[in-house]
Amino acid sequence: YGFINTCLKSLVVEKYGEETWEKLRLQAGVQDSFLTFEVYKDEITMQLVDKACKVLGVPADIVLREFGKYFFEFCKRSGYDHMLRTLGGNLYEFIENLDALHSYLSLSYQEMNAPSFRVEKNEDGSMHLHYYSDRRGLCHIVPGIISAAALDFFNIEISMKIVNQTEEEERTGKKEHIVFLVTQTPLFPCKERNEFSSSSQCLVDSEKQIENQLNKEDLEKAKNANGDRGNSVCPVKKSHWKTLRGIITLGKGKLLRGFDPVYPKSLWIDTKTFCNGLPFHMVFDKELKVKQAGVSIQKIVPGLQTMGICLDQYFRIVHPEVPFTISSIQKFINSQFVFQTKREMMPESWKERPMLELRGQMMWMESLQCMLYLCSPLLRTLHELEERQMHIADIAPHDVTRDLILLNQQRLAEMELSNQLERKKEELRILSKHLEEEKKKTEALLYAMLPQHVANQLKEGKRVEAGEFKECTILFSDVVTFTNICAQCEPIQIVLMLNSMYLRFDRLTTVHDVYKVETIGDAYMVVGGVPVPVPTHAERVANFALGMIMAAKGVQNPVSGNPIQIRVGIHTGPVLAGVVGEKMPRYCLFGDTVNIASRMESHGVPSKIHLSSSAYQCLKYKNFEITERGEIEVKGKGKMHTYFLIRNKSATENEIMGRP
């Protein structure tokens, strides 16, 4: 289920960050999010685990163990805390009831294929945990989960090591069977340890009094029980902890042993009442011959009315997947057993119905050498009840299966609603993501037309005031003989040539951090120090101009086939800048500085960078090679002293062009 993959994602994001998850996800080729109640292929989870090992550089067993620990915490956070906490009073009971928990969850998660657990106590206090799974290679999750549960619920540190790893022989089907040796170490909080050490003498003194009393009682009982056989009994010395654990204090100073049940000498219930009161029970012997059956199961499976028939003729064991023998059943006696009727042995009326499943516990009756199967119909919903043409009345009033069917019907409806909400949430998340991507594209387009701070002001509906800049550097460029080229070429060739050239120039504006004002035909206008004033505006524009001359050599003249030539003019001075227009607004520069920069370009020389005297003053001490052109007549300005920029003496061609 998606719950597992969501947990794995949460672990990676929480411990290693969103970027690591994104990298891992892309390598595994899986989606970004998973729906809790959606079923996904096992291969997705396996891929994620495999890629996590490679991306994080951690062995698979450590990744799985960490996942196991995190999975336990994730389940608690997801609302299963109380359910897990009440499974058992100690670790043995907790593990023993995991299969029952999975059985309950399968009512809601009907496609769930959970592992199975069987636990055996050893004399030294350790346990052997048998783990069965259809999925290979995930056994290292188990120590992570069990150790986290032991520490959280029972304040116990455990160690688990694999003592046997074989192909599954006890159960049918090709399944993995791992046996873990579990050893436990109780932990005491600091305060408890101090109290224990300070009061140890008091405990020893009280223990002696308690033991003397208990040993006398034990001796009397043992003598009475073994007097006929003549056996001698020696009291066993116990530690004070074992002694105290076996004692219940009632009232003041009254100490009693643990609870001992009282059984009647004969059973005060007749056979008819027993079979009516437990309508779905069955009793069978070692040869699987039916000795007794409840009335409801007889009604559904009439063959059971013939006492002595073999149970395996009418039923198959669905869970745990063991052979139908008394020895296999005894080995898994603490597990919940699910039986399913065999279609070929059912009455004609059942041929079109789904088969009935029974779920319950096995109890071995040593005195009778028979097995009692106390069970109920395994039904999840009212629909399943109707499919089998059964009724609530067929189930005993004391049987909680009645309530379970009705409650689960409601829970499934809630789950379906939750699933729909989760799907809508996922759809909204994807739409939001796409919207964010489109927003970024729109902003990028807007910022290409206007300075970012100006665009943000316009987006907020604010009026953009014109600003005066006391000093900036403006550049103009144009293509030499552009009019002649246009006269001899197709329009598309002109468009392709200009696009090729402008793409190169646009990249250089980013390299040298200058602002592109506009392009008109073959003219390209750039400014440094506007809209953000910077002291290095002249150097930036100068380096940009040198890059333009180099970049133009890579653009082909469609008429001659040779590289195009451009003229570049630069001037430094004050300007006024502001946004003009509402439709297609433009950020424009105004002032005589613009006119002089344009004149520097129009009076320039092909493949040369023409500088005004003010631009020269800004650059002459900045490590640039500049030659004097002299005094020239400038249209509308009279005589002006100008210069040519040759190169940057401290920067390489790659640095100018922004290449690595």
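This is a predicted model: local features need pLDDT of at least 70, side-chain atom pairs count only at pLDDT 80 or more; totals for chains, interfaces and linings use all residues.
Local features are described only where pLDDT is at least 70 and side-chain atom pairs only at pLDDT 80 or more, whereas totals for chains, interfaces and linings use all residues. Residues are numbered from 1 along each chain as its sequence is written, and side-chain values use heavy atoms, with hydrogens and water left out.

**Overview. The chain has 22 helices and 20 strands.** Helices (H or I, at least four residues) and strands (E, at least two) are DSSP runs numbered from the N terminus. Of the 660 residues, 42% are buried, meaning under 20% relative accessible area with a 1.4 Å probe and protein chains only. Among contacts (heavy atoms within 4.5 Å) between residues at least 6 apart in sequence, 60% join residues at least 24 apart.

**View 1. Helix H3 packs through its buried residues against helices H1, H2 and H4.** H3 (residues 42–56) reaches 21 Å from its first C-alpha to its last, close to the 21 Å expected at 1.5 Å a residue, where the expected span is 1.5 Å times one less than the number of residues. Its buried residues are Ile 44, Thr 45, Leu 48, Val 49, Lys 51, Ala 52 and Cys 53, and the helix is followed by Gly 57, whose phi is positive, near 70 degrees.

**View 2. The largest nonpolar core holds 60 residues.** Such a core is a set of buried Ala, Val, Leu, Ile, Met, Phe, Trp, Tyr and Cys residues joined through side-chain atoms within 4.5 Å. Leu 48, Leu 91, Phe 94, Ile 95, Leu 129, Ile 146 and Phe 180 touch the most other members, and the largest share of this core, ten residues, comes from H4. A second, separate core of 41 residues includes Met 501, Tyr 502, Ala 542 and Ile 564.

**View 3. Phe 339 and Tyr 373 form an aromatic pair between two strands.** Rings of Phe, Tyr and Trp (its six-membered ring) pair if their centres lie within 6.5 Å, with planes under 30 degrees apart counted as stacked, over 60 as edge-to-face and the rest as tilted. Here the centres are 4.4 Å apart and the planes are at 35 degrees, so the pair is tilted. Phe 339 lies in strand E10 (residues 337–341) and Tyr 373 in strand E12 (residues 370–377), 34 residues apart, and both residues are buried.

**View 4. Residues 407–445 carry the UniProt annotation "coiled-coil region", which comes from an unreviewed entry.** Over this stretch the chain is 100% helix and 0% strand, with the end C-alpha atoms 57 Å apart.

Key
Buried means under 20% relative accessible area, exposed over 50%, partly exposed in between (1.4 Å probe, protein chains only). UniProt positions are given in the numbering used here, feature names are shortened, and annotations may be inferred rather than shown by experiment.
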